[in-house]
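Subject: The structure you asked about

Hi there,

Here is the structure to open on your screen. Have a look around first, and then read on for what turned up.

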Amino acid sequence: MKSKIWFLGALVCLLLLLAASRAGAQPAPSSQDPLMNLMLSQPKIDISSPATATVEFEPPVVRPGDEAVYRVNFNALEESVAWPEEPPTVPGLEFQPGGHGEIFQMGGGVMQPRTSFNYHVRAGAPGEFVVPEFSVKVYGKPVTVPAARLQVTSTPPASVVPARRLRVEVPGTNLYAGQPVRARVIYAGPPGSPVQGLAQVQLTGQGFIVDQSAVQQRISNVPRGRTSAPAYVYETTLTPLTAGPVSIMAQGFLAGLHTSGPVVITAPGGSQPITIGGGPPQYTLLDSDPLEISVRPLPRRGELPGFTGAIGTFAIDPPSLDTDSVQAGDPVKLTVTVRGDDASQRVVPPPPPAPGRDWQIFAAMDASGSPASPTSRRFGAPGSSKPVCASFSYTLIPLTTEARATPAIPFSYFDPGRGAYVDLTIPPVTLTVKGGVASADARALTQREPADAETEKEPTLSGLASAPGLATDSLVPVQQRAWFPLLQLAPGAAFLGLWGWDRRRRYLERHPEVVLKRRALRGLRREWRGARQAARAGDTSRFAARAAGALRVACSPHYPAEPRALVGADVLALFPENERAGRVGEVIRRFFAVSDAARFGSAAGQADGLLALKPELDSLLARLEERLRA
Amino acid sequence: MSNSFRISIGLSLLMLFAKPCLGASIESLFHEGVSAYGAADYERAADAFGRAAAIQPASGTLQNLGNAEWQQGQTGPAIVAWEQALWLDPFNQSARNNLRFARKVAQLESPDLAWYEVVSTWLPANWWAWIAGLSLWLAVAMTLLPSIFRRRKTAWQQAVAAMALMVFLLSLPAHAGVYTRSHIGFIVEKDTPLRLTPTADSQNLTRLAAGTPARWERLRGRFLLIQTPEGLRGWVEKSCLSAMGD
């Protein structure tokens, strides 16, 4: 027992040693990794300080109908603030949502987050309005937003200045989708105050993109009333993407300029000196009123080949080849330079035309040799009226010596001023192609290219259908509607009827006596009815004729014979001997005697008392009818 | 004149004049939608095309409705409209192209179709029923009528009967395909929750993107049991799925 305990103890120790040695064998994080060092050297973000909220009205006193900004600031990350979606409600105050954002401020060796939420507030009547304090969760804990007071009076103190706002400007408010324009965000500041810069300027809204690589910032004089005043101007390129009304709003944090004190720039000629504010930044979130622009879709009609989305006014320099003489099968480079009104306009090179018999053309590349992109542009160009928007080059391979010039490459742009597409086809450039044999690979590429081009064709949204097209009364399939199976039964019923009719017809053809009996029955009923009518009218001779006719018709199928050809003896022959000699025979003879006398004789027969025989006649005809039915 | 006679006369007149009036209304709605689309007022365009399609579904109207919905960022309704346009007219290349475009942009899958469903997409959905009915009765007529009318069956009559029977038999799978395709629907709401059970408080299995295709299997209350192409089965609210034959 003791040895077992020793053995188990030794085993546990061994396992612990092994585990410790394996843990020690793991490589320690390298302290020499520069990226890691850079990350570690970054100041930490302060999220441990207690979250607090400050609130202000800017300005605290306004005239009725004037606008003030209700601004709430937190020393916390924006993501951590569970800000209510609905604005505060104060009777008499109208709240409109403004900008909201986050910025970091260095302090105490850490980056302190600053988050702000703006509302634009307007009051219609004088009075004192109080936004009561309320609670917001920050980092999951409730933080109290203090109450704020706004005084609305028709005679505010002269020292009160209006709320600081940004202004957004675009050259036009009727644009085409895809048309890039220079958008300016201007901050002029209160009159007489030094110019301050903005940080984290954003254009917010739906349906447009902003080119962050085309940002320019400057301080320049902008009109203010009848005079001009220095202002901070942030300029970038904005491209509307979706057609329809688009709302653009600007926001940014007032950051001042990072100088130890104000800088005064004295302009020559006695102009007003520009004072640039200094000191530590305050990071106040400012925003603008929304700017509404109307965006139209590009017209489909009149689109020219080679249109790649270029909108503006463009021109191309004469294309150049890197050599004027080339051997068949060797590549040659065609360089194209596109100029536009604005260097920041983006231009996508047109796709190469489908390979022909003489040329193999590869997609355009930019100067660095990578596929040309809209950003391949240069600012300015000496000796040209327009700045260069893009410069790209095509690699072409002549396949035969018959090629005398490069093929024209279709290219076009849309001119928003004229509202039309403009042809900008890259013209052919002459060159000499010397003898040589195109490689098999080049020829194979030429053969394969059309198929590849077809399969790689990018789908795009089509235009509208010009007519409603193929229509129906419901999207439910007809076979699932109640009337369709019923409709399908109609031809079935028709065919079934035809088939039954055919079977009956064939049966009657095999049994003609059935037809004769049926015909006799109809004739019997007709004559019988006539006899009854004659009896009611007291017309003895017609009664006799009808009765004899009925007897003839009823007996005709039994011979068979035409009813008119039968005589009384033929009728009597159908009755048994005893009846022929008895009353039945007498009645039949009587009727035939009167009838024959009327038909063949000149004098009328003895018709007296014939009407009294009607019951016997009826009984007789009923018996004959029964025989016909059998 | 009795009341019933007057009512029947009134109904007949209504039937006589309602059709041209309806046609004029659809035409005006269609043109209203086209002009609103041209003015980039996509909401009004979608409303006009939607009303025209509600009165009389037509391939071109549904294609335009899809375009207007797409321009408003309504991926699900746009895909439904284009699919319905193809349901009515599979030869509508613009609607087919728009579906390819939308699915590429929104990274959505096409419905996973069985072979007989693929066959059913070759012709407008309603044509198959008419083809099956006509070919069946043509075969029956060519077989029965000569003997009924005491004519000798000629070779061409027998050939037509055989051909019609063949067409009927070949149309049967497509017929079945139309039926099963009418149970394919598309999610119209963004981030539609796929629920484990048909209850509002149910656990969510996942969220489906607008335009995701699904086959609905069963209706229970206001929930539909659906299966996605990835094999996920669950319940969605009926209003979140628009079926092809809706």
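Let me begin with a term you will need: a crossing of two helices is called left-handed if the near helix is turned anticlockwise from the far one by less than a right angle, and right-handed if clockwise. With that in mind, find helix 7 and helix 8 of chain B, whose crossing is left-handed. Please remember throughout that this is a predicted model.

**The helix pair in chain B**

Two packed helices are described by the angle between their axes and the distance between the axes. For helix 7 (residues 125-148) and helix 8 (residues 155-181) of chain B, the angle is about 150° and the axes are 8 Å apart. An angle over 145 degrees counts as roughly antiparallel, so helix 7 of chain B is roughly antiparallel to helix 8 of chain B.

Which residues meet here? From helix 7 of chain B they include B:Trp128, B:Ile131, B:Leu138 and B:Met142, and from helix 8 of chain B they include B:Trp156, B:Val160, B:Phe168 and B:His175. Sorted by class, the contact between helix 7 and helix 8 of chain B has 19 nonpolar residues, five polar ones and no charged ones.

**The helix pair in chain A**

Now move over to chain A, where there are ten helices and 31 strands. Helix 5 (residues 512-537) and helix 6 (residues 540-555) of chain A pack at about 165°, with 8 Å between their axes. That angle makes helix 5 of chain A roughly antiparallel to helix 6 of chain A. Here, too, helix 5 of chain A passes helix 6 of chain A in a left-handed crossing.

Helix 5 of chain A brings residues such as A:Leu524, A:Arg526, A:Glu527 and A:Trp528 to the contact, while helix 6 of chain A brings, among others, A:Arg542, A:Phe543, A:Arg546 and A:Val553. What is the make-up of this contact by class? Between helix 5 and helix 6 of chain A there are eleven nonpolar, four polar and four charged residues.

**Chain A as a whole**

Of the 630 residues in chain A, 39% are buried. The accessible surface of chain A is about 34,600 Å², and carbon and sulfur atoms account for 57% of that surface. If you take the contacts in chain A between residues at least 6 apart in sequence, 71% of them join residues at least 24 apart.

**Some backbone details to look up**

Where are the two cis peptide bonds described here? One joins A:Glu58 and A:Pro59, with omega at about -10°. You will find A:Pro59 in the loop between strand 1 (53-58) and strand 2 (61-62) of chain A. Another runs from A:Tyr559 to A:Pro560, with omega near -15°, and A:Pro560 sits in the loop between helix 6 and helix 7 (568-572) of chain A.

A couple of positive phi values are worth a visit as well. A:Gln200 is not a glycine, yet its phi is positive at about 50°. A:Gln200 belongs to strand 14 (residues 198-204) of chain A. B:Ala40, also a residue other than glycine, has a positive phi near 65° and lies in the loop between helix 1 (3-38) and helix 2 (42-55) of chain B.

Are these residues buried or partly exposed? A:Gln200 has a relative accessible area of 39%, so it is partly exposed. B:Ala40 is buried, with a relative accessible area of 5%.

Happy exploring!

Methods. Residues numbered from 1 in each chain as written. Chains lettered and ligands numbered in written order. Predicted model: local features only at pLDDT ≥ 70, side-chain atom pairs only at ≥ 80, totals over all residues. Heavy atoms only, no water. Helix = DSSP H or I, 4+ residues; strand = E, 2+ residues; numbered from the N terminus. Buried < 20%, exposed > 50% of the residue type's maximum accessible area, 1.4 Å probe, protein only. Contact = heavy atoms within 4.5 Å. Areas by Shrake-Rupley, 256 points an atom, 1.4 Å probe, with all protein chains shown as cover. Axes fitted to C-alpha atoms, helices over the stretch in contact; angles between N-to-C directions. Parallel < 35°, antiparallel > 145°, perpendicular 65-115°, else oblique. Nonpolar A, V, L, I, M, F, W, Y, C, P; charged D, E, K, R; others polar.
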